[in-house]
Amino acid sequence: MACPICGKPTRPEWRPFCSKRCADLDLSRWLGEDYRIPAAGEDEPDDDAPAPPDGEDEP
Ligand SMILES: [Zn+2]
């Protein structure tokens, strides 16, 4: 059986999903929230402006 969110194999602890992330995602969708899939699997803040770690190339 595959995760209905991302298609990865499910984990027994998160059945029918593969992870807490997908379970939360499905829950959020179910609740009607406008939720977008995190890219790297971590909660990232909305970053419209990139935050360079070092300002070497900054004027
Ligand atoms: Zn998944």
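Reader: Let's start with Cys-6. Which residues is Cys-6 in contact with, leaving aside its neighbours within four places in sequence?
Author: Cys-6 is in contact with Cys-18 and Cys-22, once those neighbours are left aside. Two residues are in contact if their C-beta atoms, placed from the backbone, lie within 7 Å. One caution: this is a predicted model, where local features need pLDDT of at least 70, side-chain atom pairs count only at pLDDT 80 or more, and totals for chains, interfaces and linings use all residues. Residues are numbered from 1 along each chain as its sequence is written.

Reader: Ok, and how far apart are the C-alpha atoms of Cys-6 and Cys-18?
Author: They are separated by 8.1 Å, with the two residues 12 residues apart along the chain.

Reader: Where does Cys-6 lie?
Author: In the segment before helix 1, which covers 20-30. Helices (H or I, at least four residues) and strands (E, at least two) are DSSP runs, numbered from the N terminus. The protein has 1 helix and 0 strands.

Reader: Why is Cys-6 called partly exposed?
Author: Because it has 13 other C-beta atoms within 10 Å. A residue is buried if 20 or more other C-beta atoms lie within 10 Å of its own, exposed if 12 or fewer, and partly exposed in between, with C-beta atoms placed from the backbone.

Reader: So how much of the protein is buried?
Author: Buried residues make up 8% of the 59 residues.

Reader: Which residues make up the largest nonpolar core?
Author: Cys-3, Phe-17, Cys-18, Cys-22 and Leu-25, 5 residues in all. A nonpolar core is a set of buried Ala, Val, Leu, Ile, Met, Phe, Trp, Tyr and Cys residues joined through C-beta atoms within 7 Å. In soluble globular proteins, nonpolar side chains tend to be buried together.

Reader: Cys-18 again! What else is Cys-18 in contact with, beyond four places in sequence?
Author: Its contacts there include Cys-3, Lys-8, Pro-9 and Arg-11, and Thr-10 is one of them too.

Reader: Switching topic: is Met-1 buried or exposed?
Author: Met-1 is exposed, because it has 8 other C-beta atoms within 10 Å. Leaving aside neighbours within four places in sequence, Met-1 is in contact with Thr-10 and Pro-16.

Reader: What kind of peptide bond joins Arg-15 and Pro-16?
Author: A cis one, with omega about 5°. Pro-16 is placed in the segment before helix 1.

Reader: And Thr-10, how many C-beta neighbours does Thr-10 have inside 10 Å?
Author: It has 16, so Thr-10 counts as partly exposed.
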